Amino acid sequence: MTHPAAGTMVQALRDHRAGIERIFCELAGRAVAVWNPVVMKIIVTGHQVDVGESLRGYAEERLIEGVRKYFDQAIEGHVIFSHDGPEYRTQIKVHVGKGMLWESCAADADIRQSFTEAVERLEKQLRRHKRKLRDHHASAEDAAATDED
């Protein structure tokens with residue numbers, strides 16, 4: 001049995017994800033539309049697997065949460081569930097920026113566990129890339145500071 005508000009929460013997430021939600025504020029006596037930032041578009045598909053609303057909602061929510069930790073302006077995510085013998089295989093592709101496409105996959109007997117493992121691997125890749133960018137900039141600043149001395 002699902003929670004009565006689950007349908008409205010899923011719809012709210014879809015509206016937000018589509019980027020069509022508008023926030024109106026009053027400024028100098030007139031309404032001004034303020035657009036939300038671009039939200040990652042997520043496509044969830046199944047090859048020889050029926051992807052229900054519960055799994056689709058879980059995948060969308062968990063992927064947004066995992067990617068947003070490291071990249072606020074991610075563009076698109078694609079989750080593919082497939083059945084491979086006795087296991088379920090999950091493949092995730094995320095386009096986080098210009099020229100940055102990340103992929104991960106995992107297989108497990110439980111489809112949710114397979115997805116969770118794939119998201120964790122993707123988060124690990126994103127975390128390492130973000131750390132590499134941060135460390136690279138920090139070392140460049142340190143080198144510039146020692147050159148000035």
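Is Arg56 buried, partly exposed or exposed, and at what relative accessibility? Arg56 counts as partly exposed, at 21% relative accessibility. The views below come from a predicted model.

**View 1. Helix H2 spans residues 53-68.** The helix has 16 residues. From first C-alpha to last, H2 reaches 22 Å, close to the 22 Å expected at 1.5 Å a residue. Its buried residues include Leu55, Leu63, Ile64 and Val67. Charged Glu60 and Arg62 are also on the buried list.

**View 2. Arg62 and Glu123 meet in a salt bridge.** The N to O distance is 2.9 Å. Arg62 lies in helix H2 and Glu123 in helix H3, so the pair ties together parts 61 residues apart in sequence. Arg62 counts as buried at 16% relative accessibility. Glu123 is buried too, with a relative accessible area of 9%.

**View 3. Lys69 also bridges to Glu123.** Here the N to O distance is 3.7 Å. Lys69 is in the loop between H2 and strand S4 (76-84), while Glu123 is in helix H3, 54 residues apart. Shared partners join Arg62, Lys69 and Glu123 into one network. The salt bridge count comes to three.

**View 4. Lys124 belongs to a positive surface patch.** Lys124 is found in helix H3 (residues 111-148). Lys124 is partly exposed, with a relative accessible area of 38%.

Key:
Residues are numbered from 1 along each chain as its sequence is written. This is a predicted model: local features need pLDDT of at least 70, side-chain atom pairs count only at pLDDT 80 or more; totals for chains, interfaces and linings use all residues. Side-chain values use heavy atoms; hydrogens and water are left out. Patches are made of residues with over 30% relative accessible area and no salt bridge: like charges are joined within 9 Å, nonpolar side chains (Val, Leu, Ile, Met, Phe, Trp, Tyr) within 5 Å. Accessible areas come from the Shrake-Rupley method with a 1.4 Å probe; for residues, only the protein chains shown count as cover. A salt bridge is a side-chain nitrogen of Lys or Arg within 4 Å of a carboxyl oxygen of Asp or Glu. Lys and Arg count as positive and Asp and Glu as negative; His and the chain ends are not counted. The place of a charge is taken as NZ of Lys, CZ of Arg, CG of Asp or CD of Glu. Helices (H or I, at least four residues) and strands (E, at least two) are DSSP runs, numbered from the N terminus. Buried means under 20% relative accessible area, exposed over 50%, partly exposed in between (1.4 Å probe, protein chains only). The expected span of a helix is 1.5 Å times one less than its number of residues.
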